Amino acid sequence: MKIFFLGDIVGKSGCLSVKKNLKNIIEQNDINFVVVNGENAADNGLGITKKITNQLFECGVQVITTGNHVWDQKETAGLIENEKRLLRPNNLSSTYPGKGFNIFEINDFKVGVLNLMGNVFMKKCDDVFEASVNFLNKYKLKEDFDFLVVDFHGEITSEKMAIGHLFDGKATLVVGTHTHVPTNDARILSKGTAYQTDAGMCGDYNSIIGMDKNNSLNRFMKKNSIKHFPSEGEASLCGVIVTCNIKNGLAKKIESFIYGGELSN
């Protein structure tokens with residue numbers, strides 16, 4: 001059993017590369033289950049639309065996670081109520097539509113996918129550690145699901161690492177999203193959970209975290225600029241591939257994945 005996780009898809013460039021390459025990547029790597037973070041997939045890099053959601057499912061994605069930009073497209077609130085494969089952070093208030101956790105069946109296995117969001121330097125949400133402990137008290141690996149993927153959408157590395165260790169031995173994979181930069185720390189933690197602090201993004205790296213570099217520089221230097229907008233050069237696809245132990249639901253192997261664009265050089 002192999003699970004493929006792709007980091008934040010950014011704008012047209014990221015969407016185009018995923019749609020163009022994902023099926024071949026799945027075939028070449030014997031992938032069984034694909035999760036992507038789609039919270040920046042809209043053309044303007046903010047949120048996700050119904051059209052893009054459907055296109056991602058059509059090209060081989062099983063589950064789409066999100067983060068702090070989940071509501072930036074007005075249509076998402078209605079979409080997420082009925083589309084169980086589109087998740088929002090689980091520790092957002094229960095008054096928001098949609099779910100932050102669901103269980104999906106593939107090849108006679110049950111895969112749980114949990115979407116969490118950090119508290120430090122992020123939009124207000126419920127305490128992520130309290131929410132995580134409540135989740136772990138309710139759900140158990142190899143009882144409620146065969147494998148568990150946790151997308152932790154957060155700003156700071158220490159918070160991400162803490163969540164990784166909290167879920168160690170209780171999840172198949174804990175992987176960070178949001179910073180758009182792939183970290184060089186893919187490993188299996190001491191109790192068997194695969195971990196990487198940030199998966200990186202699926203977008204143009206000739207940019208500033210996926211946004212047009214010249215416009216972003218002008219904003220930093222307080223020169224004439226407009227709102228951030230995505231860079232549209234060739235995207236690099238960044239993520240991780242995890243080979244799972246079907247007996248205990250933990251990880252046998254984790255590999256960082258980078259394909260195409262600036263980072264492939």
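A residue is called buried when its relative accessible area is under 20%, exposed when that area is over 50%, and partly exposed in between, with a 1.4 Å probe and protein chains only. Helices (H or I, at least four residues) and strands (E, at least two) are DSSP runs, numbered from the N terminus. The structure is a predicted model, in which local features need pLDDT of at least 70 and side-chain atom pairs count only at pLDDT 80 or more, while totals for chains, interfaces and linings use all residues. Residues are numbered from 1 along each chain as its sequence is written, and side-chain values use heavy atoms, with hydrogens and water left out.

An α-helix has 3.6 residues a turn, so residues three or four places apart point the same way. Just after α2, G60 takes a positive phi of about 125°.

Positive phi values also turn up in residues other than glycine. D108 has a phi near 70° and lies in the loop between β5 and β6 (109-117). D108 is exposed, with a relative accessible area of 83%. K142 has a phi near 70° as well; K142 sits in the loop between α4 and β7 (147-153) and is partly exposed at 31%.

Salt bridges come next: each is a side-chain nitrogen of Lys or Arg within 4 Å of a carboxyl oxygen of Asp or Glu. By this rule the count comes to five. In one of them, D198 pairs with K160, the closest N and O atoms being 2.7 Å apart. D198 lies in the loop between β10 (194-196) and β11 (201-202) and K160 in helix α5 (residues 157-166), so the pair ties together parts that are 38 residues apart in sequence. Both D198 and K160 are buried. Another salt bridge joins D185 and R187 at 3.5 Å, N to O; here D185 is buried at 17%, whereas R187 is partly exposed at 29%.

Pockets complete the picture. On a 1 Å grid over the protein atoms alone, a pocket is an open set of points where a 1.4 Å probe fits, with protein on both sides within 12 Å along at least five of seven lines, and lining residues have an atom within 4 Å of a point. A volume is the space filled by probe spheres set on the points. The largest pocket has a volume of about 290 Å³. Of its 15 lining residues, H69, H180, I209, M211 and H228 are the closest to its centre. The second largest pocket has a volume of about 170 Å³, and its lining includes N90, K99 and Y139. Both β5 (101-106) and α4 (128-138) supply at least two residues of this lining, and the largest share, four residues, comes from α4.
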